[in-house]
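Here is a short report for a first look.

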Amino acid sequence: MTKTIPGTPVFTGACAQKGYALNKMCYSFNSADNRAAFMADEDAYCAKYGLNAQQRAAIAARGVAALIEAGGNVYYLAKFAGIFGLNVQDLGAQQTGVTVEAFKAKLVAAGVHNEDVKAGRLSHV
Amino acid sequence: MSNIIGSVSTSHIPAIGAAIARGVTEEAYWKPFFDAFPPARTWLTARKPDVVVVVYNDHGLNFFLDKMPTFAIGAAAEYRSEDEGWGIPPQKATRGIPELSWAIIEQVVEDEFDVTTCQEMLVDHACTVPLQLLWPEGWDDIRIVPVAINTVQHPLPSAARCLKFGQSIGKALRAYKEDLNILVASTGGLSHQLEGERAGFLNPHFDDLCLNALINKPELLTKYTTHEIVELAGSQGAEILNWIVGRGVMGGEAREVLRNYHIPISNTAAALQVLEPV
């Protein structure tokens, strides 16, 4: 097995199996009718997709880290987050335990090398 | 015979599509990204493309985990987009060119790439956002061949395999009987990570190495395992595999026509690179 990458869940076949029902439900949120059905009766909707107790609790808590722990893949989870108008900065802030403003500021700060990369001078190939 | 005019590789972040839809591309946050496109469009217009081979990854519109092809090639007369659940408007359908798709499929299978062929295929923002960026007035005159790479569910195809897959597609394009000007559009990246305690990870040093290597030494990138690429570029930075396929499609020696790089757009190091054959 390959080593783990700190702070980085890798979506493997094991995750894909474990999270199948959860991801399938989130995939269904491509449809506006399905998003409305979920909002109208969350319990019934989760039951229809056969979520296990861990997945159901993570959905109820709107907790990104718990959803990933339950096998969720972020691309499908983003469709779930979209129901509540949350974007990937909101998800990032929640997972790293900072405010959305602080998360965005960290992203901006990472742009310190923008001009160097435009000029191709950060690496020698 | 067909002619590969060059490649345009660009990030495909959904937020870019949302910014276009909201008409905010001139705002300070977005301008450093969008300002790179008028010169790219000038370059493109002069080269009169007929067809675009779009190398991208699907984010749960056409493919789900029930069936997840490593490499899939569209062979449809038309490709529609649909609601993806995160609020970006679907785009007008794009025309396909099934004869060329099948010529590519014949070649890549002969070269031992056992692809999934798709006569019905929805294309998501990763395919349509780059088209919007290159043809803001619409792309009715353009036909596409969508090529979808699995960058979502591990194991991912290796960088070496991706480069060879691209080279095989390029062979098919160059042998195609019709006189067509073909653009390669590779989409996604560069470094970014959406999940985990490392969410927000960005790596300009590795991005610069990728951009420099893609010009004329793409084989340098094939020494990295997909696990190493995730470590260096972030989980979703694995989309660099699409760019490696695209570079293989173009083949030969290249010249960098233009490059842009801007952190942050959404959670991503957004980049544009235009290459042309020399």
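## Where the chains meet

Two residues are in contact if their C-beta atoms, placed from the backbone, lie within 7 Å. The model is predicted. In it, 47 residues of chain A are in contact with 45 residues of chain B.

Several helices of chain A give two or more residues to the side that touches chain B. They are H2 (20-28), H7 (74-83), H8 (88-96), H9 (100-109) and H10 (114-118). By class, this side of chain A has 24 nonpolar residues, 18 polar ones and five charged ones.

## Helix H7 of chain A

H7(A) is mostly covered. Nine of its ten residues are buried. Among them are A:Tyr75, A:Tyr76 and A:Phe80, and A:Lys79 is buried too.

What do the buried residues of H7(A) pack against? Their partners are H2, H6 (64-69) and H8 of chain A. Just after H7(A) comes A:Gly85, with a positive phi of about 70°.

## The largest nonpolar core

The largest nonpolar core has 124 residues. B:Val53 and B:Val147 have the most contacts inside it. Domain 1 (10-85) and domain 2 (87-125) of chain A both give residues to this core, so the core lies between them.

Key:
Residues numbered from 1 in each chain as written. Chains lettered and ligands numbered in written order. Predicted model: local features only at pLDDT ≥ 70, side-chain atom pairs only at ≥ 80, totals over all residues. Helix = DSSP H or I, 4+ residues; strand = E, 2+ residues; numbered from the N terminus. Nonpolar A, V, L, I, M, F, W, Y, C, P; charged D, E, K, R; others polar. Buried ≥ 20, exposed ≤ 12 C-beta atoms within 10 Å, placed from the backbone. Core = buried A, V, L, I, M, F, W, Y, C linked by C-beta atoms within 7 Å. Domains from an automatic or database assignment.
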